[in-house]
Amino acid sequence: GMRPVPGASWASRDQRAADALGILCRDYANDEAPTAAQALLVVEVPIEGPAEVAGLPLPDSMVESLLASGRVEPVLVDGTGARIAAGRVSSTLSPKIARSVRLRDGHCRWPGCTRRTGLQVHHLWPRSWGGTDEVANLAMVCVGGGTDHHVQLAPHGDLLLLGNPNRPDGLELIRRDELAELARLANDASRSRGDPSAA
């Protein structure tokens, strides 16, 4: 990624070494290096009402973000909320699916971004909106560092990355407030083709 554009000369060795060190420092915190211990954050998600941490309500977008990269331990409680039994802790997204998305994408799928470190699996159509864990609804997006594209995407951001992630150029950014207009245009196009389900 540090090669000069065709026809341009290489930067000095010292300049390239300084640039490489800067990139390593920027991306180190986001790399997937194993850690000795990980903090456990307990989020209580009741049948009714907001999810909570230590009695404090959490916005749905934060719960969605935690679910995308967290692990879940199902807990059976009685009518008073007392813990009866707990199931096995598992990742919310299977490692096999996450690995296949990483292999398919190789870099951040934000249009024009080529970052290959500090990536997370992102749900194109968020789970809280009915999105699934299918590979066709997932893409790698960079987190932290100088770009941090994941935080700009729905459900917590104003943009959606939509399209076909199986094509190298298949995704584009759509503003959240443009969705109603896109749905209307799609409905009008279906009606003009005589699709009875569009009525």
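Glutamate 178 is partly exposed, with a relative accessible area of 37%; here, buried means under 20% relative accessible area, exposed over 50%, and partly exposed in between (1.4 Å probe, protein chains only). The structure is a predicted model, in which local features need pLDDT of at least 70 and side-chain atom pairs count only at pLDDT 80 or more, while totals for chains, interfaces and linings use all residues. Residues are numbered from 1 along each chain as its sequence is written, and side-chain values use heavy atoms, leaving out hydrogens and water. Glutamate 178 lies in the loop between strand S10 (171–175) and helix H4 (179–192); helices (H or I, at least four residues) and strands (E, at least two) are DSSP runs, numbered from the N terminus. Between glutamate 178 and leucine 160 there are 10.0 Å in space, C-alpha to C-alpha, and 18 residues in sequence.

Turning to the whole protein, the chain contains four helices and 10 strands, arranged along the sequence as α-β-β-α-β-β-β-β-α-β-β-β-β-α. Of the 199 residues, 24% are buried. Among contacts (heavy atoms within 4.5 Å) with a separation of 6 or more, 44% link residues 24 or more positions apart. The protein exposes about 13,500 Å², of which carbon and sulfur atoms supply 56%; accessible areas come from the Shrake-Rupley method with a 1.4 Å probe, and for residues only the protein chains shown count as cover.

What about the cysteines? With a disulfide taken as a pair of cysteine sulfur atoms within 2.5 Å, the count is zero. Cysteine 108 is in no disulfide, and the nearest cysteine sulfur, that of cysteine 142, is 3.6 Å away. Cysteine 113 is likewise in no disulfide, with the sulfur of cysteine 108 as its nearest, 3.8 Å away. Cysteine 108 counts as buried because its relative accessibility is 0%, and cysteine 113 counts as buried at 8%.

Charged side chains do pair up. The structure holds four salt bridges, each a side-chain nitrogen of Lys or Arg within 4 Å of a carboxyl oxygen of Asp or Glu. One of them joins arginine 175 to aspartate 177, with the closest N and O atoms 3.7 Å apart; arginine 175 is partly exposed at 39%, whereas aspartate 177 is exposed at 59%. Salt bridges with shared partners also connect Arg104, Asp105 and Arg109 into one network.
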